[in-house]
Amino acid sequence: MLEEKKSGSGSIILQASILAAAGIVSRIIGLLYRSPLSGIIGDLGLGYYQSAYNYYTIILLISSYSIPSAISKVIAQKLGVGEYKNAHRLFKGALFYVLVIGAVASAFLYFAAGLFVEEAAIPVLRTFAPTIFFYGMLGVLRGYFQAHKSMVQTSISQILEQIANAIVSVSAAYILINMNRYTAAISANATDEVQRAVRGAIGSALGTGTGVLVALVFMFLIYLRAHKEIKGRVLTDTHTEVDSAGTIIKTITLIVTPFIMSTALYNLSSVINNKLYTSIYPEIMNLDTVVTSSRYGIFSGKALTISNIPIAFASAMASAMIPSIAQLIAKKENDEARSKIGLAVKTTMLISIPCAVGLFVLAGPVTLLLFPNAIDNFDLSRYTLMALSVSVIFYALSTLNSSILQGLGKVNTPIINAVIALGIQTVTAVLLLFYTNLDVYSIAIANTLYSLIMAILNQMATRRAIGYKQEIKRTFILPLLASLIMGGAAYGVYRLAYFLCHSMRIAVIPAIIVAIPVYFVALLLVKGVNEEELKSFPKGRLIVKVAKKLRLLR
C-alpha cells in the first residue's frame, strides 16, 4: 500500500493524472450541486457564502492548507535516503503541529468573524471555523501518502469529500431556509431575502465541514490499514541518527511556514478583490451592497468556479512533482530533475491551453449547461468567464512552477513573486473600479493580470534555480495553434446544433464531444507532441498505436 512508485516521468504523469482525474471529478460534482444550491439560496446567498468562504480560506491557508505539499516534501526527502524512522517521526510531529495550530486558528476565526465580514455573513463564517481543525489532520495524512508517490488515497478522499459536501450543502440549505425558527444574529430590519440567503449560506458551509470530516475518517482508516507495513519499514531502518522532537518541530516549522506564506499570498488576491468590490467600492460609490454582493456571487460562484476546473490538472501535477523533485535534489540528480520539470510543464500546457480556448468560445452555453439559472444574468456570467478563460493557462503554469520551486528548496521565491503580483493586481483593480465603468469586470481583469505576472515570475525563477530552460515552440505555440483549430471547430458545431435545436444547453454537448478528437488530431498534425511523449501518458502506448493506425503518427 505504501510501496514507492518508480520515479520515471511516466510515473509522475500517471500519479498526476490520477489526482487530476479525482480533482476534476470533485469539481464537476461541485458544479453539479452548485446549480440546485444557487437555485435554493440565490445569488445573494452565494455572495454571502463566497465572502465568508474567502476569509475562511485565508485562515485555512495560514494554518493548514499547505500541509499536504509541505509534509510530502520533507518526508519524501527522508524516504529518498532510506530514513524511515525519521520520516515517521516527522509524520507524528506534523500531526501534533496541526492539532495545536488548527485549534488556535478555528477559535480565532469563530470569535473574530465580525472583524472580517458584514454582519449578515458572520454566522456563515463561524460555521466554517471547526472545518479548519479537521482539515489540518486530513492534510497531514494526505501528505504522508503523497510523499510515497501514491496519489490514489488522496484522490478517493477528495471525491468522497465532495460527494458529502454536495449532499449536505443542498439538503442543509433547503432545511434551514424552510425552518420556521431562525437563531442567527442579523439586523432586526433585515429583509426576508437576506434571511433566506444567510440561512442557505450557513447550510452550504455545513456541507464544506462535513465533506472534510468524511475525508478525514477515510484517510485515517487507510492509515490504520497500512500501519503494519509502516511499522515494518521503521524496524528495518538501520540509520542510527534519529531526529529529536525539537529538531522535528523545527524542521516542520521551517518547511511549512514558507509553504503557508506562499499559498496564502497566492490566494490573497480573491480576498482583496472581494473586500474591494463588496465593501469599499459600494461605500465610496454609494451603491447598494445587496446588488454588489449578488454580482460578486455570480462572478465568483459561477464564472470563477468554472474557470478553476481545468486548473485541477496543474494542481495535481504540482502535488506529484514536489516529492519527486525533492528526492532528486536530495540525491543530486539535477539532470533528471530538469527533464521532469520540462515534461511536466509541457503536459500541463497541452491540457490547459485547449481548456482556455474552449471556455472562451463556449463561455455562454457552458455556463448555462452547468448553471441553468444563469439565464437571468447570462451576459454577466458569460463575459466574466470569457475574461477569466486566459487565466487558466497562467494559473496552471504559475501553480506548477511554485511547487517546483518549493521542491527545489526555493521556498521563499514564490512568496516574493506573489507579493509583487498582488501589489500590481490590487492597484489595477482599484484604478479600474473607480475610474472606469467596468464594474465587476474590473475584478476579472485584475485576477487574470495577477495570474500572468505570477506565471512569468515563477517561470523565470525556476530557470535561475536549476539552469532549466523551457522549450517554447512545442510547449506553447503548437498547442495554441491546435487549440485554435479546435476552438473554431467546436464553435462551428455549436452554432449548427443550436440552429437545429434552439437550445444552448443541448447544442454545447456535441461541440464539446467534437472538440476533443479535433484537438488531438490537430496536435499530431502540427507535430506538437512526439511518440515518446505520448508513451509517457496514461495508456500512452494504446494512444500511439491508434495514432499510427490513423496515420497521424509515423
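Ser204 is buried, its relative accessible area being 0%, where buried means under 20% relative accessible area, exposed means over 50%, and partly exposed lies in between (1.4 Å probe, protein chains only). The place of Ser204 is in helix 6 (residues 192-236), helices being DSSP runs of H or I with at least four residues, numbered from the N terminus. When residues up to four places away in sequence are not counted, Ser204 touches Leu37, Tyr49, Asn165 and Ser169, a contact being heavy atoms within 4.5 Å.

The model is a predicted one, in which local features need pLDDT of at least 70 and side-chain atom pairs count only at pLDDT 80 or more, while totals for chains, interfaces and linings use all residues. Residues are numbered from 1 along each chain as its sequence is written, and side-chain values use heavy atoms, with hydrogens and water left out.

**Helix packing and burial**

Two packed helices are described by the angle between their axes and the distance between the axes. Helix 2 (residues 67-80) packs with helix 4 (residues 122-147) at an angle of about 35°, and their axes are 7 Å apart; axes here are lines fitted to C-alpha atoms over the stretch in contact, and angles run from 0 to 180 degrees between N-to-C directions. The crossing of helix 2 and helix 4 is right-handed, that is, the near helix is turned clockwise from the far one by less than a right angle. On the helix 2 side, the contacting residues include Ile67, Pro68, Ile71 and Leu79, and they meet a set in helix 4 that includes Gly136, Gly139, Arg142 and Tyr144.

Helix 11 (residues 363-370) is mostly covered, with 7 of its 8 residues buried. Among these buried residues are Ala363, Gly364, Pro365 and Leu370.

**Salt bridges**

Side chains of opposite charge can pair when their charged atoms come close. A salt bridge is taken as a side-chain nitrogen of Lys or Arg within 4 Å of a carboxyl oxygen of Asp or Glu, and by this rule the count comes to 5 salt bridges. The table includes three of them.

| Pair | N to O distance |
|---|---|
| Glu161 and Arg142 | 2.9 Å |
| Arg295 and Asp439 | 2.8 Å |
| Arg338 and Asp335 | 2.3 Å |

Glu161 forms its salt bridge with Arg142, and this pair links distant parts of the chain, with Glu161 in helix 5 (residues 152-177) and Arg142 in helix 4, 19 residues apart. Glu161 counts as buried because its relative accessible area is 17%, and Arg142 is likewise buried, at 4%.

The salt bridge between Arg295 and Asp439 also links distant parts of the chain, Arg295 lying in helix 8 (residues 289-307) and Asp439 in the loop between helix 14 (413-435) and helix 15 (441-466), 144 residues apart. Arg295 is partly exposed at 27% relative accessible area, whereas Asp439 is buried at 16%.

Arg338 and Asp335 are separated by about one helical turn, because they are 3 residues apart in helix 10 (residues 334-361). Arg338 is partly exposed, with a relative accessible area of 26%, and Asp335 is exposed, with 57%.

**A nonpolar surface patch**

Phe96, Leu99, Val100, Val104 and Ile249 make a nonpolar surface patch of about 430 Å². Helix 3 (residues 84-111) contributes the largest share of this patch, 4 residues. Phe96 lies in helix 3 and counts as exposed because its relative accessibility is 52%. Patches are made of residues with over 30% relative accessible area and no salt bridge, like charges being joined within 9 Å and nonpolar side chains (Val, Leu, Ile, Met, Phe, Trp, Tyr) within 5 Å; accessible areas come from the Shrake-Rupley method with a 1.4 Å probe, and for residues only the protein chains shown count as cover.

Notes
Helices (H or I, at least four residues) and strands (E, at least two) are DSSP runs, numbered from the N terminus.
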